[in-house]
Amino acid sequence: MSSTSRFKMQIYSPQWGDKDLYHFKKTKRGWEFENYRCKGEVDKGGNPLFYKALVTESLSYPNHLEEYLSNVWGKVEVLNKEQVQNIFDEISEWVSASKNDRFY
């Protein structure tokens, strides 16, 4: 599959009572990340912008989230777009359901 595909996460924000949208597009060294607040290059695990965005929204997130995103990065070339998006959907649900597992 082409690494030019863009994937999304929709993470529930209790602060706003709705889901925030986060976009990821694979690059050679990580992801091109974007949400309504910021845009830029992050590493394979989403550092630093993805986590700054979560903290800004007062969202906690599960331990090992960085490892999961890194694993997805490695699978983009071998899975089809729908399969990768399904993984992002599962991660979105996991983060949305997270309660104080990890918060900075």
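Modeller: Two packed helices are described by the angle between their axes and the distance between the axes. In this predicted model, where residues are numbered from 1 along each chain as its sequence is written, local features need pLDDT of at least 70, side-chain atom pairs count only at pLDDT 80 or more, and totals for chains, interfaces and linings use all residues. Side-chain values use heavy atoms, with hydrogens and water left out. Here the axes of helix α2 (residues 65-75) and helix α3 (residues 81-97) come within 10 Å and cross at roughly 170°. Axes are lines fitted to C-alpha atoms, for helices over the stretch in contact, and angles run from 0 to 180 degrees between N-to-C directions. Helices (H or I, at least four residues) and strands (E, at least two) are DSSP runs, numbered from the N terminus.

Biologist: Why is α2 described as roughly antiparallel to α3?

Modeller: The crossing angle of roughly 170° makes α2 roughly antiparallel to α3, because angles over 145 degrees count as roughly antiparallel, under 35 as roughly parallel, 65 to 115 as roughly perpendicular and the rest as oblique.

Biologist: Which residues of α2 and α3 make the contact?

Modeller: Contact means heavy atoms within 4.5 Å. From α2 come Leu65, Tyr68, Leu69, Val72 and Lys75, and from α3 come Val84, Ile87, Phe88, Ile91, Trp94 and Val95. By class, this contact of α2 with α3 has ten nonpolar residues, no polar residue and one charged residue. Ala, Val, Leu, Ile, Met, Phe, Trp, Tyr, Cys and Pro count as nonpolar, Asp, Glu, Lys and Arg as charged, and the others, Gly among them, as polar.

Biologist: How is the sheet to be read, and what is the order of its strands?

Modeller: Strands of a sheet pair through backbone hydrogen bonds, either parallel or antiparallel. Two strands pair if DSSP finds at least two bridges between them. This open sheet has four strands in the order β1-β2-β3-β4, with antiparallel pairing. At its edges are β1 (6-13) and β4 (39-43), each pairing on one side only. From one strand to the next, the twist averages 30°. Between β3 and β4 the antiparallel pairing runs over five bridges, and phenylalanine 33 stands opposite glycine 40 in β4.

Biologist: Which helices lie on the sheet?

Modeller: Helix α1 (residues 49-56) lies across β1, β2, β3 and β4, at about 115° to β4. Helix α2 also packs on the sheet, touching β1, β2, β3 and β4, and its direction makes about 110° with that of β3.
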